[in-house]
Amino acid sequence: MQTLQTEILKNLSPDCFRVLGYKLVKNTIEEYVGNLEAPSLDNVSTYVDDIHGIMSDFDIQASDDREAYQQHYAGNDSEPDYIPREC
């Protein structure tokens with residue numbers, strides 16, 4: 001499994017790491033590979049395409065979150081002021 005994950009990592013677009021961060025990319029790959037019924041090194045390009053699709057969904061969500069954040073702090077929303085949650 002580790003070899004398959006390494007091959008997928010090598011074949012991903014560098015933009016995935018820049019936009020989403022290494023940890024999220026690595027965790028996505030681990031989860032994806034863990035859910036495969038019969039993982040094979042012969043299908044790396046298919047896996048890479050699937051993972052690019054999954055991560056583009058993450059990027060769309062992050063973009064939506066950024067837009068909501070920007071609208072909120074620009075005063076373009078009707079919600080009350082943001083109160084940070086304690087960690």
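Helices H1 and H3 are oblique to each other, and their axes cross at roughly 135 degrees. The model you are looking at is predicted, and its protein chain holds four helices and zero strands.

**Where H1 meets H3**

- Helix H1 covers residues 2-11, and its axis comes within 10 Å of the axis of H3.
- Why oblique? The crossing angle is roughly 135 degrees, and angles over 145 would count as roughly antiparallel while 65 to 115 would be roughly perpendicular, so this one belongs with the rest, the oblique ones.
- The handedness of the crossing, as H1 passes H3, is right-handed.
- On the H1 side, the contact is made by Leu4, Gln5, Ile8 and Leu9.
- On the H3 side, Tyr22, Val25, Ile29, Glu30 and Val33 take part.
- By residue class, this contact of H1 with H3 divides into seven nonpolar, one polar and one charged.

**Aromatic pairs**

- The count of aromatic pairs comes to two.
- One of them joins Phe17 and Tyr22: the ring centres are 6.0 Å apart and the planes lie at 20 degrees, so the pair is stacked. The cut-off behind that word is an angle under 30 degrees.
- Phe17 is partly exposed, at a relative accessible area of 25%.
- Tyr22 is partly exposed too, with 46%.
- The Tyr32 and Tyr47 pair links distant parts of the chain, with the two residues 15 apart. Tyr32 sits in helix H3 (residues 22-34), and Tyr47 in helix H4 (residues 44-73).
- Are these two tyrosines buried or exposed? Tyr32 counts as buried at 14% relative accessibility, and Tyr47 counts as buried at 5%; the cut-off for buried is under 20%.

**The chain as a whole**

- Reading from the N terminus on, the elements run α-α-α-α.
- The protein chain has 87 residues, and buried residues make up 22% of them.
- Looking at contacts between residues at least 6 apart in sequence, 61% join residues at least 24 apart.

Note on methods: Residues numbered from 1 in each chain as written. Predicted model: local features only at pLDDT ≥ 70, side-chain atom pairs only at ≥ 80, totals over all residues. Heavy atoms only, no water. Phe/Tyr/Trp six-rings, centres within 6.5 Å; stacked < 30°, edge-to-face > 60°. Buried < 20%, exposed > 50% of the residue type's maximum accessible area, 1.4 Å probe, protein only. Axes fitted to C-alpha atoms, helices over the stretch in contact; angles between N-to-C directions. Parallel < 35°, antiparallel > 145°, perpendicular 65-115°, else oblique. Left-handed = near helix turned anticlockwise from the far one by under 90°. Contact = heavy atoms within 4.5 Å. Nonpolar A, V, L, I, M, F, W, Y, C, P; charged D, E, K, R; others polar.
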